[in-house]
Amino acid sequence: MAERQEQAAPDAVMTRIGQVVMLHHAGDREEARHRFLDLWAEIGEDGDPLHRCTLAHYMADAQDDPSDELAWDLRALTAAEELTDDRLAEHESALAVRALYPSLHLNLAADYVKLDRSDAARSHLRRARGAADALADDSYGDGVRAAISRLELRLGEGDGGPSGEGGWAPPRQRP
């Protein structure tokens with residue numbers, strides 16, 4: 001029983017990351033970047049992979065320069081590669097490690113598009129598509145799959161139809 005309570009206990013670092021994310025979403029990118037950097041200094045390059053992955057993922061979104069965004073997204077992917085399902089299970093909103101990869105690779109593909117590196121973008125887009133089977137059938141999974149489809153269309157990947165490679169299609173409009 002105590003073990004279960006310990007596992008369900010909030011993670012103070014993840015809570016602090018979430019607070020900075022809210023600051024960023026409220027429009028204060030500069031302050032969010034500053035606070036993310038302070039947290040990164042606390043966590044360190046060798047800190048908890050879940051903390052590094054999460055922080056780097058959100059720090060990328062707070063960047064103005066596409067090269068900086070790419071660097072943070074690469075840090076997030078590197079940290080994710082060190083994560084285990086057991087470590088993720090300790091977090092209150094646990095998901096499987098493999099469910100992180102579609103979004104991480106999608107972000108990298110988008111970064112490479114911004115940097116006019118279409119071959120690298122297509123490579124990560126294919127990785128995102130290949131990992132998308134790990135996504136749940138929920139609003140998050142639907143959103144990531146839809147974003148993959150939009151980027152595929154933008155890059156001319158697939159035919160955009162339901163019978164295209166991988167079975168991807170843009171979301172249908174509801175009546």
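Begin by selecting Arg145 and Asp142, which both lie in helix α9, three residues apart, about one turn of the helix; helices here are DSSP runs of H or I with at least four residues, strands are runs of E with at least two, and both are numbered from the N terminus. Before going further, note that this is a predicted model, in which local features need pLDDT of at least 70 and side-chain atom pairs count only at pLDDT 80 or more, while totals for chains, interfaces and linings use all residues. Residues are numbered from 1 along each chain as its sequence is written, and side-chain values use heavy atoms, with hydrogens and water left out.

Arg145 forms a salt bridge with Asp142, the closest N and O atoms being 2.9 Å apart, where a salt bridge is a side-chain nitrogen of Lys or Arg within 4 Å of a carboxyl oxygen of Asp or Glu. Arg145 is buried, with a relative accessible area of 16%, whereas Asp142 is partly exposed, at 44%; buried means under 20% relative accessible area, exposed over 50%, and partly exposed in between, with a 1.4 Å probe and protein chains only.

Select Arg33 and Asp64 next, whose side chains meet in a salt bridge at 3.3 Å, N to O. Arg33 lies in helix α3 and Asp64 in the loop between α4 and α5, so this pair ties together parts that are 31 residues apart in sequence.

Now move to Lys114 and Glu69, where the side chains meet in a salt bridge at 2.8 Å, N to O. This pair links distant parts of the chain, with Lys114 in helix α7 and Glu69 in helix α5, 45 residues apart. Lys114 is partly exposed, with a relative accessible area of 46%, and Glu69 is buried, at 11%.

For the aromatic stop, select Trp40 and Trp72. The count of aromatic pairs comes to one, under a rule by which rings of Phe, Tyr and Trp (its six-membered ring) pair if their centres lie within 6.5 Å, planes under 30 degrees apart counting as stacked, over 60 as edge-to-face and the rest as tilted. The ring centres of Trp40 and Trp72 are 5.0 Å apart and their planes stand at 90°, so the pair is edge-to-face. Trp40 lies in helix α3 and Trp72 in helix α5, so the pair ties together parts that are 32 residues apart in sequence. Both Trp40 and Trp72 are buried.

Finally, turn to the largest nonpolar core, which has 45 residues, those with the most contacts inside it being Ile17, Phe36, Leu55 and Leu106; such a core is a set of buried Ala, Val, Leu, Ile, Met, Phe, Trp, Tyr and Cys residues joined through side-chain atoms within 4.5 Å. Helix α7 gives the most to this core, with seven residues. Centre the view on Phe36, which, leaving aside its neighbours within four places in sequence, is in contact (heavy atoms within 4.5 Å) with Ile17, Val20, Val21, Leu55, Tyr58, Met59 and Ala62.
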